[in-house]
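Dear colleague,

Please find the structure below for your review. My notes on it follow.

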Amino acid sequence: MEAVCLDHHPQILLAEDDLELRELLTLVLSRAGYQVTSCDNGLQLLEHLEHADQYNLIISDVRMPALTGLEVLESQIDNPRCPPFICMTAFGDEVTHAAARRFGASATIDKPFDLDEMIELVHYTCLRTKTENLSVRSRS
Amino acid sequence: MRLTIKITFAVILGVALIFSVYSYFSIQRERQQLKKNLSREARHIGESLRFLVAEIWQQRGEDVAIAFLKRADQDYEHTLVRWVWLDGDVALQYQPRVPVEQLEALFNEETVALLAGSPDGQDFLLTYLPLITDNGRVGAIELSESMNEMHDYVQESLRRSAIVVGISVVSGLLFMGVLGSFWIGRPMRKLHAQAERIGTGDLTTSINLSGGDEFAKLSATIERMRRQLAEAREAEQVANDEKYEALEKLRHTERLATLGQLSAGIAHELGTPLNVIAGRAKLIDSSGMEGVDISRSAKIIGEQAERMTQIIRQLLSFARRGEARKQTLDLNILLRGLHSLLEPIAHEQGIDLTVIGTEQPLPVHADSGQLQQVLINLTLNGIQAMENGGTITLTGCRPEVTNIPEKLNNKETVWVCMQVSDQGRGMEQETLQQIFDPFFTTKEVGQGTGLGLSIAYGIVEEHGGWIDVDTTLGKGSCFSIYLPEFSSGETV
């Protein structure tokens, strides 16, 4: 039941240091039916992740003050409760993409991205997670 | 020309000396010859007279003989003939002109010829021919001949010699003067002019004196020297150009490296506003937006576009390559401009970047791109030295300068200063001594070229300034860039 509940209002944790982009993404994602919690640096993101199971998805910028998105991601490698992680990188930096995937990111997206593309990616990632969860449950 | 005169003088002196000696000896010889002739002549006359006197003495007695001599004396114009007695006390008229002691040879019946001076200063050639009378008394015929004629002759010879010597000297001077100026003076002037030219650094004119004399050889040597100097200078020029070119390339490479370091940050900086712009545009386009939201989105788009413009402008001014384009600029403005360029990078590392300027402008005559590069290098180094965050301060100030390098020490120069101070690791003394050396780096392989500071140093030096470093291990470093203030009265 809990899963169904989350399906209606998936919780997204957004980490982005730029105020304008953070505001924009919050607005758009809210309009798309998500509940968004936001923070503006890596350290805050890490603190939020102490309650990782509250969130269905994490969207994080890579370059951020204090701790980068990649560092946070790396620290969560052994955390089984960590939700899917979408990394936002700048201008197709292949090295960053590769690092992000290696640390277990579900998806990476290049800035500047299309908002529809982002929404689509968020939908897709949440959906896939739900399916995986269901299949795990059905097996058990 | 002085050398010519000296040589001429020496040669002519030698010639005159030789000629004088020659004249002296030839005059002496002539004089001897003349004297001998006179003496022989006197002796001939004397012998004839003696024969006659002896005859007359025997046949007619003493008085007639002496009277004959007196008559004979009147017949000879230049010669004075008289009878003298050689024994002691005789009348004055029979006394010889010279003391009897000088006439000892007469007693041996030998003829005596000698020179004697009269009390009035005239020279005489005296010839005595002995005649022993029947009663055994010794007398002599004295022939005295004035030497005035001979003196006149010698005088004339001397005069001629002097004239000849004088003419030789004058003509020799003229001759040597003309030839000397032609043979010595002219080539000497040419060689001198060439040496002067080489001395002043003009190595383009060649010199070539024809002939095979010493001057021609010297000119060939100078010419060879000139060619070698010219070649050496050309080689040096080429080497310098190459060095300059290499340095310039290195600088460009370093600029690109710094640019690469910057560009990752810049991609992020540009990506985010672009995202906002695109997103806001989409929002405006979408349905269900209220008028207030639309105008807010439009405003945000404008702001973000402006932000991007700023970033791109600074990027361009930094990446511009080429000669130093110096212009008058205010260091405060330069520092403020850098703030927006470097702030994102610093911010990302959790470092605050502060710029402190002065109220009064800090004018310098400099290439803003190059100074920016210096400050970016120093600031990036500072950022890398601050793993634990903190504050980097860029300060513009008018310092109390105490440790001006000796070669820049000019009391009239007013110095202005930019300082980059970090709160990083600081440096050890050994590191401090090497930081301006090319390729010296404390960063890991691939992280730094080791050129940043040496290039920064070169740039500041080119602007007539210097970089000073103050560092405390564990507390941070402060790089001070001193530049001469540009006063409006200066011409450029």
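**Findings**

B:Tyr22 is found in helix α1 (residues 2-60) of chain B; helices (H or I, at least four residues) and strands (E, at least two) are DSSP runs, numbered from the N terminus. Please note that this is a predicted model, in which local features need pLDDT of at least 70 and side-chain atom pairs count only at pLDDT 80 or more, while totals for chains, interfaces and linings use all residues. Residues are numbered from 1 along each chain as its sequence is written, and chains are lettered from A and ligands numbered from 1 in the order in which they are written.

Is B:Tyr22 buried or exposed? B:Tyr22 is exposed because 11 other C-beta atoms lie within 10 Å; a residue is buried with 20 or more other C-beta atoms within 10 Å of its own, exposed with 12 or fewer, and partly exposed in between, the C-beta atoms being placed from the backbone. Although B:Tyr22 and B:Ser161 are 139 residues apart along the chain, their C-alpha atoms are separated by 9.5 Å.

**The sheet of chain B**

Chain B has an open sheet of 5 strands with mixed pairing, in the order β6-β8-β9-β11-β10; two strands pair if DSSP finds at least two bridges between them. Its edge strands, each pairing on one side only, are β6 (351-356) and β10 (466-472) of chain B. From one strand to the next, the twist averages 15°; axes here are lines fitted to C-alpha atoms, for helices over the stretch in contact, and angles run from 0 to 180 degrees between N-to-C directions.

Over 6 bridges, β6(B) pairs in the parallel sense with strand β8 (residues 390-397) of chain B, where B:Gly390 is the bridge partner of B:Ile351. β9(B) and β11(B) run antiparallel and are joined by 7 bridges, and B:Gln419 has B:Ser480 in β11(B) as its bridge partner. β11(B) also pairs with β10(B), in the antiparallel sense over 7 bridges; there B:Ile467 stands opposite B:Ile481 of β11(B). The hairpin of β10(B) and β11(B) has 3 residues between the strands, and in it B:Gly474 takes a positive phi near 85°. Of the 9 residues of β11(B), 7 are buried.

In chain A, 5 strands form an open sheet with parallel pairing, in the order β2-β1-β3-β4-β5. The edge strands are β2 (35-39) and β5 (107-111) of chain A, and the twist averages 20° from one strand to the next.

With kind regards
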